[in-house]
Amino acid sequence: MSLYDRDYMRSGDAPESTNSRRAIWELIAVNAILYLLFARPGSELFSKLALHCSRELFYPWQLLTAGFLHSDFSHILFNMWGLYLFGSLVLPHIGRNKFYWLYVIGVLTGNIIFLATGWGANSLLIGASGAVCAVMMAAAMLEPDKKFFMIFMPFTPLKTSTLVICYTILEVLMQISGAQGGVSHLAHLAGFISGYIAIKLWCKNQLIWDPLRRKGKTPRPSHTEYVNPENTNFNNSGKSVSPAELDALLDKVSREGINSLSEYELSRLRQAREEMRGK
């Protein structure tokens, strides 16, 4: 297979640029449409899609659909803002399909935990908070040093990893104390856990920070430290890209996406393309 037989090399260097947020906007659009048009609180459709902890009102699909419903404007605003903010850090690392799955896994895990702990009670759960928490954890593991200014701490930027640690501790304390009634802190914690497990499985070689790892951050590999599965040695001497090196690069793109390549690896891929054009 030649370089141009690969779909992601037929137009530009990647199917989506690193800054592409298409998957995020699609999820936001689904949430917004359901909120604005089809599933306002009190409607019959809303009742069928929201997650109820009662035998009479529970339907299996509610475990998923409840993650796309919101009670009011502030509820959807903060959830979608969090999805956009942290999802923009995660999407380039895992790609569009896995990002969808991360959202779904966060929703399902949070809702299942809520259902398991509240079954039989007269309670209802809606919102994408479990999914957003899963995305937050993924962002912390993949981009732990990105800094955010918080509304309640306007002059002290927090790193992604620190933010997730603080938020997790806060959720645990709120769950234990029973404060802020009407919020499922267990669903949030379940989202963090599911996000951790998913990224741990999907991105073993890309993790920069692991909250359960005693040594803390895993050193980010430099551009010249990448070794392909067949132990082909890369070099930056300016020599032509060998077929073995090109195959290793393309295999990595196939496995992890074009955005998993370092700047050095991208430069080698571009060089290979130019060499093939010159033949």
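Me: What makes S129 count as buried or exposed here?

Reply: This is a predicted model, and in it S129 has a relative accessible area of 16%. Buried means under 20%, so S129 is buried.

Me: Where does S129 sit, and which residues does S129 touch beyond its sequence neighbours?

Reply: S129 belongs to helix α5, which covers residues 129-142. Leaving out residues up to four places away in sequence, S129 touches H75, N79 and H188. The C-alpha atoms of S129 and G67 are 7.7 Å apart, though 62 residues separate the two along the chain.

Me: How do you describe two packed helices?

Reply: You give the angle between their axes and the distance between the axes. Take α5 and helix α7 (residues 185-202): their axes come within 7 Å and cross at roughly 45°.

Me: Why are α5 and α7 called oblique?

Reply: Check the angle against the cut-offs: under 35 degrees would be roughly parallel, and roughly perpendicular runs from 65 to 115. Roughly 45° falls between those ranges, so α5 and α7 are oblique to each other. The crossing is right-handed.

Me: Which residues meet there, and how do they divide by class?

Reply: On the α5 side they include S129, C133, M137 and L142, and on the α7 side H188, F192, Y196 and K200 are among them. By class, the α5 and α7 contact has eleven nonpolar, six polar and one charged residues.

Me: What makes α5 oblique to α6 too?

Reply: Helix α6 (residues 160-177) packs on α5 at an angle of about 140°, with the axes 8 Å apart. Roughly antiparallel needs over 145, and roughly perpendicular stops at 115, so α5 is oblique to α6. This crossing is left-handed.

Me: Which residues make the α5 and α6 contact?

Reply: C133, M136, M137, A139 and A140 from α5 meet T160, S161, V164 and Y167 from α6. They divide into seven nonpolar, two polar and no charged.

Me: How confident is the predictor, and where is confidence highest and lowest?

Reply: The chain has a mean pLDDT of 79, with 76% of its residues at 70 or more. Confidence is highest in α5, at 95, and lowest in strand β4 (residues 153-159), at a mean of 71.

Me: Which stretch stays under 50?

Reply: Residues 1-19 do, and the model gives them 38 contacts beyond four places in sequence. Residues 221-237 are below 50 as well, with 21 contacts beyond near neighbours in sequence.

Key. Residues are numbered from 1 along each chain as its sequence is written. This is a predicted model: local features need pLDDT of at least 70, side-chain atom pairs count only at pLDDT 80 or more; totals for chains, interfaces and linings use all residues. Side-chain values use heavy atoms; hydrogens and water are left out. Helices (H or I, at least four residues) and strands (E, at least two) are DSSP runs, numbered from the N terminus. Buried means under 20% relative accessible area, exposed over 50%, partly exposed in between (1.4 Å probe, protein chains only). Contact means heavy atoms within 4.5 Å. Axes are lines fitted to C-alpha atoms, for helices over the stretch in contact, and angles run from 0 to 180 degrees between N-to-C directions. A crossing is left-handed if the near helix is turned anticlockwise from the far one by less than a right angle, and right-handed if clockwise. Ala, Val, Leu, Ile, Met, Phe, Trp, Tyr, Cys and Pro count as nonpolar, Asp, Glu, Lys and Arg as charged, and the others, Gly among them, as polar. pLDDT is the predictor's confidence in each residue, from 0 to 100.
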